[in-house]
Every structure is written in structure tokens, then in C-alpha cells.
Amino acid sequence: MRIIHSADMHLDSRMTANLDNDKAKNRKLELLDTFVRMVNYAEKEKVDAIIIAGDLFDTKTFSAGARNSVVEAISSHPRIKFFYIKGNHGGGERFIEAIKELPDNLYLFDDRWRKYTLFEKQGAKITLSGIELSINNVNTIYSSLLLDPRDHNIVTIHGQVSKYQDNKSSDCISLTDLRNKNIDYLALGHVHEYQEVEIPPRGLYCYCGCLEGRGFDECGKHGFVLLDINEEDFSCRREFVDFAKRHLYEIPVDISGCRTNNDILRKIEEAIELQRPDAKDLIKVVLIGDIDVDCDKNTEFLAKQLCDRFYYAKVQDKTKIAIDYNDYELDVSLKGEFVRLVKGDDSLGEEEKAEIIRCGFQALNGEDIEL
């Protein structure tokens, strides 16, 4: 038996945090396309079931086109069973309410444990149990979870794992209370990066992550987990499938000692070469290190050099100004007087002084001030 564990598609996200309107619209469509591609992959690879562990849509407001595309993807693959948890982003309930007729192969969960039998042989089963977390059931979900130790038990929940139970939070999942519950695989949604941790004595929990990274807080590989369960002995092989159309990279670049934009660009090129992003990907270069106050650094110019090579590129400046006040102690120029004035202001911290001096030097040189 083959099962896909997916979650956190966040379809119909606005995608405007970094992208212009055209690319944001295109990227929004790509999220939907990746979901459809995943379903087509499941058909091709003879996957029996797909778990959607929450947050299929990003908000309560989503387009009819996106909704219809999801329903069509599900209903047009009747051989595959879809198991759907709503999640905590608000769109889950609205999605179900907006469907005039639920596809026969779409199975839901509610605020009490619901168990589905996926396979049975000689009394032993492969089961899938799930529950929608709410403030009303946080005190009962662990005591009411009853799983047969002879079965291969998959459990799905959407929430944040914690060592202990939090009776005031509807998103908290207590790992301590899930021990010794005969769980073999806990299919989770909510965390947007892949994670896998043991649950003693026989199982593990897994966050499959989101299907596509949407911002630079979601860098790296994204996709789903493919479970391949042997129907004879219930042994299970797991594989993370990197399925995203595009990847995001945040690349730190230490430019200490650089004095010109060309110097900085060479450092950036070296750092990019180590990461090896594709032209279809999105990158954010973060400049770090200590630079001289006279360093010729223009982040817009640097970003422009990258924009034609990647789907999206930006350069963020997190450098610090390294100032040797001794160099200006006896300088009789306007710069020297300015540096001494700022240095003597005890109300300013060292980073504030360095930034004021940087802006002041740009102004004295007739340059546009980069804030």
C-alpha cells in the first residue's frame, strides 16, 4: 500500500510580499498546479491514498477557480482515497461548505477520533485515524485514542508538537501523551519544513512540510512524504519527495574588506556558486560583515545584476560599518569634524554612530542615501 502524506499547500496565497503583481499571480497559479501535479503523480505511481493534513487553503477567502480545480483533481481520480483535515487557517471549513456534492473518494475528520481501515488481512489492518483539534477536545483526545497493537496505525493531526499538553491551546499536540498509543506513523501538518522524530516505543512523527516555499522563511526543499507499506508484514519505507516547482535560497555573503560594488559582486558570485540555485528559483542575498565607511555599496545595483539570471532576486544589507576614529582624530576636513561630532555624542550607541557617519559621508559625497 502506498500513501502520500501532504500538508500546508496554502492555496490562493497572495504571494505579494516579494513579487510584483504579475509574478505574484503566476506564483499563486503555480501553487495550485503543484497540488494537481501531486495528484497526477499519485495516479502514475499507483498511490492508494493521499493525506492532506491541514491548511489546503491560505485563508477563508479563496477563488471559485481554485476550489473547483481541487475538487476536480480529487473527483477525477476515484481510485485514490483523499483524507482531509481542515487545519487552522480558516479556509478548511469554507472549502467543504462550498462544495455542492462531496466526491465519493474524499473522507473527512471532525472533533472526535475517526478511524478508517485502509487494508485488512487475516484480522490485522492498516488504519488511519484523525481528529480536528479544538479548544473543546484538548482534554479528551489522548485518552480517547484507542489503537490495536496488531495493526499498522497511522494517525493524522494538524498542530504544533510539544512535550506536554496545553489545555489552553487548540493547536498543541502533546508527545508525552501520545507515547505507548501504538502509533506507527503520526502524519502532521502545521510546520512548513520537513521534520521526523521518534515516538517511543514503536513509531515516529513527521511534518512533511509545505508543497511549495512561499517566502524566504521557507527556503530549501519542499514536497511530500511517500509511505510504502508492505501488506505482508506491515514494514514501511518512507521517502521525502522534493516536488516544488521552484526553490528559495537565502544566501549570506560576508563582504568584510570589500571596497567596491565589483568586489562585492565577486563575493556574491562565489557564494551563489556554492548553493547552485537554478534560473527558475528565487534568491535573497544577505550581505554581512564589517565594511569601511567609504565602501562603495549599492544594493539596487547588485540586485539588478542577479535579476536577469533568476526568477526573483533581492539583496539585503546587514553589514556593519567599521570605523577607526583615530583616522579622523586630526583630520581638518569637514568629514573629520563630522566624525568627531558624532563620536562625542554619548546618547548614541556604536551602531547608531556608524550608521549616521555612513549616511553623512554619502551626503557629503553627493550620493543618494541608502537607508
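Biologist: How many bridges join E7 to strand E10 (residues 185–189), and how do the two strands run?

Modeller: There are 5 bridges joining E7 to E10, and the strands run parallel. They count as paired because DSSP has to find at least two bridges between two strands. One of the bridges links Ile157 with its partner Leu188 in E10. This is a predicted model, where local features need pLDDT of at least 70, side-chain atom pairs count only at pLDDT 80 or more, and totals for chains, interfaces and linings use all residues. Residues are numbered from 1 along each chain as its sequence is written, and side-chain values use heavy atoms, with hydrogens and water left out.

Biologist: Why is Asp8 called buried?

Modeller: Buried means under 20% relative accessible area, exposed over 50%, and partly exposed in between (1.4 Å probe, protein chains only). Asp8 has 1% relative accessibility, so Asp8 counts as buried. Met15 is buried too, because its relative accessible area is 9%.

Biologist: Where do Asp8 and Met15 lie, and what is the phi of each?

Modeller: Asp8 is in the loop between strand E1 (2–6) and helix H1 (21–44), and Met15 is in the loop between E1 and H1. Phi is near 55° for Asp8 and near 65° for Met15. Most residues other than glycine have a negative phi.

Key. Helices (H or I, at least four residues) and strands (E, at least two) are DSSP runs, numbered from the N terminus.
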